[in-house]
Amino acid sequence: MLAEQAIFSSESGPSKGYRLVAHSPGVSQNQINHLTQWGPSHGSLISDELDFESLNCHPLDDEDLAISRTVYGGPEYSQRGSFQIFTRSILLNRDSLEQYDDNPWWLLSYCRILGNLRFDPNVISRDTLPPLELPDRSLVGMPKIVEPNCQTRERISNCVQMLQLGRNAALVGECVDENLFGYLISLLPSQSRSVLSFTTGLRPSIRRPFQLHLFEKLTTNLNSQIKKLGINTVCLN
Amino acid sequence: MTTYANQTMTSGRFLGDGGSFQCACCGAGLFDKDGFCPTCQAPTSLSKAIADRGAPGQFISVLGASNAGKTVYLGMLLDMLTKGIGGLRGLPNNSLSVAVQEQTINALEQCQFPEKTPNDVDQWKWMHCELDLGKRKGGYFDIISPDFAGEAISFEMEQPGSFPVVGHVVKKSVSFVLLIDSIRVRDSGREEDFFAMKIASYIHAANTKASKFAKKKVKLPLAIVMTKCDSCPEAVQDPQEFAKANMPGFEKYLERHFSTFKFFAASVVGSSATLVDRYGRVELIPFHVSPRGILEPVQWIIKQ
């Protein structure tokens, strides 16, 4: 299946600062506006570790969604000593998720393995990206989900209930990993999975209303932001 | 089988909290004193502070491209007002305001410039201070100025409504301070000229009605501040001549569409150097703080 792609980062060209620096030809103006709204800028990653990454999924409109990976890129252009935030997004129709059990997390992990979400400093100098050819179905099969212990299952179920009631949630715990997240997604009904927006490492923001945040731990600053935005916390530890 | 779910009712929340108040930017009714306005995303704590004072504040928009120096200007301005330098004394009205000053002064004391302002509206700092004018102008003058991200201003100009708080503040502002990087003006051709024209036309459109009088000049005062003049002495001698020579389109646009404007030159540091670390990160290091031209634009605006 063919998918569009886009990159949101900072550049020093005529339009200085964080913006959509490159995209494939099939990305519409409406999608550009959505990507700009959701695009993370300086200070958006919750960790300062240079190898930290955030895997994200959010809607573009009623039919399309974007899966993305945010990492630290090269030096930021404005001589303030920081690294740029680099986000590579793949845009696709929700119907494309059918062959992936309507599970955006599964497709996101698979695209990451294939290298479709890698950081590439050279791509910023190109305005146009080619469309991506993605496999219609995963060639490594469905990942095997290991059920967590009873207490964790109960808390995950609480989190799923909150999501079903339309409340945004933050799942906090050092044991939050790919398996646990995959288990959470598997509890959601099929039609809810393809519309779920989540992030594993972006700071909560009013401009990025993710339904689900995943954090290893809650700092005071993060806790304060979560409360201001009305996000409910579920702690696993 | 019937299933039940618990749903917390939130409509009764305001009854115990002491009532509602209006958003200072867009006028929407608010109840939550510790969140963000659902219409324009301005912090409700700012609106609550203004409502509690009982007198509407005066918005001054500090605009400029990314890296023009808005955060440094606002932080240094508030620091100088707090100290009562230049005959103007101002005190911050809430913690949001103190954060502006703190961020800038702490960074400069450590020989750094403050970090880039993120695009996230909830991360922005807002200056809200009460100016003591003494016997002039009725005694007190409340000024409110958000520290916008440069990209937010660009996006709002290109796609109105993408950052609603920018549009609302610009429409409500009684005056404007437009910061322009003098080094980029001198070295980067007409880029800054075109961007400044875009901002000026945005201000003009926000403050004039679309009617047959659309050619009417904006009367609100506009202070144009050439920043980073420590590294561009050409802008210090005569900022208006400097702009005329390097930004001819912008200068002509102002003469045609604004009746009250003035050029200024400002800098915060005496000298600086560039540092490159092993990752290739480039950082401008300020050697010492030597503010110039920070208060003059505000003094001029108050006189208008």
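Predicted model: local features only at pLDDT ≥ 70, side-chain atom pairs only at ≥ 80, totals over all residues.
## Ground rules

Local features here need pLDDT of at least 70 and side-chain atom pairs count only at pLDDT 80 or more, while totals for chains, interfaces and linings use all residues. Residues are numbered from 1 along each chain as its sequence is written, chains are lettered from A in the order in which they are written, and side-chain values use heavy atoms, with hydrogens and water left out.

## Rings that pair up

Let's start with the aromatics. The structure holds 15 aromatic pairs over all chains (rings of Phe, Tyr and Trp, using its six-membered ring, with centres within 6.5 Å; planes under 30 degrees apart are stacked, over 60 edge-to-face, and the rest tilted). How are the rings of Trp105(A) and Phe181(A) arranged? Their centres are 4.7 Å apart and their planes sit at 80°, so this pair is edge-to-face. Trp105(A) belongs to helix 2 and Phe181(A) to helix 4 of chain A, so the pair ties together parts that are 76 residues apart in sequence (helices are DSSP runs of H or I with at least four residues, strands runs of E with at least two, numbered from the N terminus). Both Trp105(A) and Phe181(A) are buried (under 20% relative accessible area; exposed is over 50% and partly exposed in between, with a 1.4 Å probe and protein chains only).

Over in chain B, ring pairs join Trp124(B), Phe148(B), Phe155(B) and Phe163(B) into a cluster.

## Two pockets

Next, the pockets (open sets of points on a 1 Å grid over the protein atoms alone, with protein on both sides within 12 Å along at least five of seven lines; lining residues have an atom within 4 Å of a point). The largest pocket is lined by 45 residues, and those nearest its centre include His42(A) and Gln103(B). Helix 4 of chain B gives the most to this lining, with six residues.

The second largest pocket has 40 lining residues, with Asn67(B), Ala68(B), Gly69(B), Asp181(B) and Lys228(B) nearest its centre. Elements giving two or more residues to that lining include helix 3 and strand 10 of chain B.

Is Thr219(A) buried, exposed or partly exposed? Thr219(A) is partly exposed, with a relative accessible area of 40%. Although Thr219(A) and Ile46(A) are 173 residues apart in sequence, they are 9.6 Å apart in space, C-alpha to C-alpha. A polar atom of the Thr219(A) side chain also lies 3.2 Å from the backbone nitrogen of Leu222(A).

Note on methods: Polar contact = N/O pair within 3.5 Å; in protein donor to acceptor, adjacent residues only side chain to side chain. 1 Å grid on protein atoms, 1.4 Å probe; cavity = no way out; pocket = protein on both sides within 12 Å on 5 of 7 lines; lining within 4 Å.
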